[in-house]
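Subject: Structure handover

Hello,

Here is the structure we discussed, ready for you to take over. My notes on it follow below.

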Amino acid sequence: MSYHSFGDYTTIVVFGASGDLAKKKTFPALFGLFREGHLPKTIQIIGYARSKLEDDDFKDRISKNFKGATEETKKEFLSLVSYISDPYDTDEGYIKLRKACESYEEKHGVKNPHRLFYLALPPSVFTVVCKQLKKEVYAGETRIIVEKPFGHDLESARALQRDLAPLFTEEELYRIDHYLGKEMVKNLLVLRFGNTMFSGIWNKSNIASIQISFKEAFGTEGRGGYFDSIGIVRDVMQNHLLQVLTLLTMDRPVSFDPEAVRDEKVKILKAIEPIDTEDLLLGQYTKSEDGTKPGYLDDDTVKPDSKCVTYAALGLSISNERWDGVPIVLRAGKALDESKVEIRIQFKPVAKGMFKEIQRNELVIRIQPNEAIYLKINSKIPGISTETSLTELDLTYSTRYSKDFWIPEAYEALIRDCYLGNHSNFVRDDELDESWKLFTPLLKHIESSENDIPLVKYAYGSKGPDHLRKYLEKHNYVFD
Ligand code: NDP
Ligand code: BG6
């Protein structure tokens, strides 16, 4: 592998340390890695934000979501943590930060500093923070984790890229898409390329249709103001679901080397046809049927006549030897009947001949909750019957693997990868560019005030728009 790990004396700085992501994900992930012995006990961690907080208040705040912690481990971890409160756009805080790094490095005789910066910040301050970092704190080897969103469309993503490129190399930047840190998403390469039976049939000759679906059982309550200018397509499809699709459909990389993997991802992205804006199913949720859950427009923080899309299904096609003609559906929705993210691959039917009725094989890869891979196969009903029935070869992680098996949370897995210097599960600049090229025309179409896009209403807690079943059938998905 062409990457190398940061050492025992590394400084990790979390910008936006007073924020929601830092509290819910970043610090709990750092703690989880520490607890499991995947971060040295000698590192230092500095939280940086504008909010005036005493060290102890800050520590109380970030430790609220620590899991599986004995008081001792928690105390040990928190002893490595300190907090700097200063603005993002003036020098003084960065000078304090540099001094904190230098005195720690000096104390431990570090000649070549290792510094990891995590930007848990709104994108409006990414550039200013990066400029200040470069000016005041840059030394030795630097790694910078940047949170989504990377832009709002192709133009703004390129502008952000133009701002960051003169400051940090692609080697130094780690763009997070936390779906790439999920266990089952990481398993896709092994599942596909480590099993002849799958690699051999992974093509248009055998596969009838592909679906990647994202369902959340809660709405945008409390986040409506943020979500209203984003919409479900930008929130989870352009990034998370597209990432899953590239790993699912790309060709075999020559190795697990990060660049080899990302080269293949870019190739497949380039082969995806422009999205057909006539082939969409868009929706927005209303109150639940029993009236207990609010509709999207009931949120005071959204515009009363908002056309924001909270449910979308869209058809994709890939024009290459492997996938030509295979219908692919990405679908995602908020405020549905359940929370679940899964991939469904339906195989072509066998020749009828000897069978009057025979169902298709289907491979389901459940990303969450409760990771599972199951393959629906036809089997003879046991006993004297000659009938067939659909049954499952089932690899459900919770029954196959013991509970003691540590499956890292996505953020734990990704921070660890960054620490190790492994870029495989981070988004490269050209990948990002291709994903925006694909989605920007669609977003423009949806958001253009001239287009009166039909937005199907669906009730909070339902399966989504009524037409969904027909939409999936149109894309060659057959219901059991
Ligand atoms: P917050 O809104 O909580 O912002 C983080 C911190 O940044 C705040 O505590 C605040 O700290 C500072 N900040 C907020 N707004 C501004 C501003 N306009 N100018 C300067 N500083 C500001 O964001 P999150 O923690 O929710 O998210 C951080 C990043 O992570 C974002 O890019 C978001 O899109 C992304 N993300 C968040 C997720 C989540 O679950 N929250 C999930 C996935 C991605 P202070 O004022 O103390 O400096
Ligand atoms: C985030 C979106 O990127 O992903 C959220 O902004 C969404 O709206 C979340 O809820 C889903 O992540 P997960 O890991 O809970 O599936």
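Two residues count as being in contact when their C-beta atoms, placed from the backbone, lie within 7 Å. On that basis, and leaving aside neighbours within four places in sequence, F15 is in contact with Y48, F117, Y118, L119, A120, L121 and V129. Please keep in mind that this is a predicted model.

Domains and core

The domain assignment of the protein chain gives domain 1 (11–147) and domain 2 (180–475). Their C-alpha centres lie 34 Å apart. Where the two meet, 11 residues of domain 1 are in contact with nine residues of domain 2. On the domain 1 side, the elements that give two or more residues are α1 and β5 (141–146), and α1 gives the most, with six residues. By class, that side divides into five nonpolar, three polar and three charged residues.

The largest nonpolar core has 122 residues, of which F15, L30, Y118, L119, L241 and A312 touch the most other members. Helix α10 (residues 231–249) gives the most to this core, with 10 residues. Domain 1 and domain 2 both give residues to the core, so it lies between them. As a general point, nonpolar side chains in soluble globular proteins tend to be buried together.

Ligands

Ligand 1 is surrounded by 20 residues, and the closest are G19, L21, A49, R50 and S51. Helix α1 (residues 20–35) supplies the largest share of this shell, four residues. The shell around ligand 1 has 10 nonpolar, five polar and five charged residues.

Around ligand 2 are H178, E216, D235, V236 and V341. By class, this shell has two nonpolar, one polar and two charged residues.

One of the residues around ligand 2, H178, is found in the loop between β6 and α7 (183–193). Is H178 buried or exposed? H178 has 20 other C-beta atoms within 10 Å, so it is buried; the cut-off for buried is 20 or more. Not counting residues up to four places away in sequence, H178 touches A410, Y411 and L414. H178 and N425 are 247 residues apart in sequence, and their C-alpha atoms are 8.8 Å apart in space.

Helix α6

Helix α6 spans residues 154–164, and L154, A157, L160 and L164 are buried in it. Why do these residues fall on the same side of α6? They cover an arc of only 130 degrees around the axis, which puts them on the same side of the helix. The general rule is that an α-helix has 3.6 residues a turn, so residues three or four places apart point the same way. On the other side of α6, E155 and R162 are exposed. The buried residues of α6 pack against α5 (126–137), β6 (173–175) and α14 (429–447).

F256

F256 lies in the loop between α10 and α11 (258–271). This residue counts as partly exposed because it has 13 C-beta neighbours inside 10 Å. Leaving aside neighbours within four places in sequence, F256 is in contact with V261 and S424. F256 and L189 are 67 residues apart in sequence and 9.0 Å apart in space, C-alpha to C-alpha.

Backbone points to check

Most residues other than glycine have a negative phi, and most peptide bonds are trans. The places below depart from that pattern.

- The peptide bond from K148 to P149 is cis, with omega near 0 degrees. P149 is in the loop between β5 and α6.
- The peptide bond from Q368 to P369 is also cis, with omega near -10 degrees. P369 is in the loop between β12 (362–368) and β13 (372–380).
- A335 is not a glycine but has a positive phi, near 55 degrees. A335 lies in the loop between β10 (328–333) and β11 (340–347), and with 29 C-beta neighbours inside 10 Å it counts as buried.
- N476, again not a glycine, has a positive phi near 65 degrees. N476 is found in the segment after α15 (468–474), and is partly exposed, with 19 other C-beta atoms within 10 Å.

Regards

Conventions: Residues numbered from 1 in each chain as written. Chains lettered and ligands numbered in written order. Predicted model: local features only at pLDDT ≥ 70, side-chain atom pairs only at ≥ 80, totals over all residues. Near = placed C-beta within 6 Å. Nonpolar A, V, L, I, M, F, W, Y, C, P; charged D, E, K, R; others polar. Buried ≥ 20, exposed ≤ 12 C-beta atoms within 10 Å, placed from the backbone. Arc of directions from axis to C-beta. Core = buried A, V, L, I, M, F, W, Y, C linked by C-beta atoms within 7 Å. Domains from an automatic or database assignment.
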